[in-house]
Amino acid sequence: MPDRRTLMEHADKLGALLTQLTAVYRDMLTMHEHRTAAVRSASVAKLRELAEIERSLVQAAAEIERHRLAAAAALTLAIDPEAKRPWRVSELAEHLPDAMRDELMLRRNTLEKVCIELRTRTEVSRRAAQRLLLHMTGIVQSVCNLIADPGTYERPGHRKHRSDLQRTSLVPAGLNLTA
């Protein structure tokens with residue numbers, strides 16, 4: 001078992017990375033709220049702006065995650081030099097003194113809660129967007145069907161279908177918009 005100072009250095013670095021990752025995911029939660037508001041207000045410019053910010057947050061999260069994996073690997077090797085793979089945070093915590101274990105698990109649990117909340121909110125938004133898309137697609141298909149049935153009116157005001165008129169559709173052949 002390595003000395004306490006080495007463990008503390010590795011555990012502190014890993015804990016700091018977990019805190020940074022939590023902050024990024026909280027920012028993503030905020031971006032999700034802003035994106036939802038932009039969708040409600042149909043602000044395309046705001047959606048583009050938010051997409052760029054969100055892209056940078058995703059890149060930041062990926063970079064922090066890369067460092068987190070390296071820190072977990074370093075701590076794993078500090079505890080067990082013959083380890084075949086980096087241990088999970090919960091596995092690492094089992095081998096740390098109580099104070100370090102509690103702090104690391106607190107940060108891990110906080111990150112997990114934020115990730116679950118983000119996943120839940122984005123899933124709800126995704127399902128709502130899919131339902132809206134199906135509804136709008138049905139409307140577009142109904143309009144296309146009306147356009148595809150051209151007719152003319154005769155003098156007395158009765159509709160006459162003209163078989164010699166070209167029937168057209170705005171929907172490509174074979175595309176089912178309600179599926």
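In which helix does Ala 51 lie? Ala 51 lies in helix H2, where helices (H or I, at least four residues) and strands (E, at least two) are DSSP runs, numbered from the N terminus. The model is a predicted one, in which local features need pLDDT of at least 70 and side-chain atom pairs count only at pLDDT 80 or more, while totals for chains, interfaces and linings use all residues. Residues are numbered from 1 along each chain as its sequence is written, and side-chain values use heavy atoms, with hydrogens and water left out.

The overall layout comes next. The protein has four helices and two strands, and from the N terminus on the order of its elements is α-α-α-α-β-β. Of the 179 residues in the protein, 24% are buried. Here buried means under 20% relative accessible area, exposed means over 50%, and partly exposed is in between (1.4 Å probe, protein chains only). A contact means heavy atoms within 4.5 Å. Among contacts in the protein with a separation of 6 or more, 59% are between residues 24 or more positions apart.

Two packed helices are described by the angle between their axes and the distance between the axes. The axes are lines fitted to C-alpha atoms, for helices over the stretch in contact, and the angles run from 0 to 180 degrees between N-to-C directions. Helix H1 (residues 4–40) packs with helix H2 (residues 44–79) at an angle of about 160°, and their axes are 9 Å apart. That makes H1 roughly antiparallel to H2. Angles under 35 degrees count as roughly parallel, over 145 as roughly antiparallel, 65 to 115 as roughly perpendicular and the rest as oblique. The contact of H1 with H2 has 26 nonpolar, five polar and seven charged residues. In this classing, Ala, Val, Leu, Ile, Met, Phe, Trp, Tyr, Cys and Pro count as nonpolar, Asp, Glu, Lys and Arg as charged, and the others, Gly among them, as polar.

Within H2, the buried residues include Leu 50, Leu 57, Ala 61 and Ile 64. H1 and helix H3 (89–94) are among what covers the buried residues of H2. Ala 51, by contrast, is partly exposed, with a relative accessible area of 32%.

By class, 16 nonpolar, eight polar and eight charged residues form the contact of H1 with H4.

H4 has 50 residues and reaches 73 Å from its first C-alpha to its last, close to the 74 Å expected at 1.5 Å a residue. The expected span of a helix is 1.5 Å times one less than its number of residues. Among the buried residues of H4 are Met 100, Leu 104, Leu 111 and Val 114, and the buried residues of H4 pack against H1 and H3.

Thr 22 lies in helix H1, and at 4% relative accessibility Thr 22 counts as buried. Apart from its neighbours within four places in sequence, Thr 22 is in contact with Arg 107, Thr 110, Leu 111 and Val 114.
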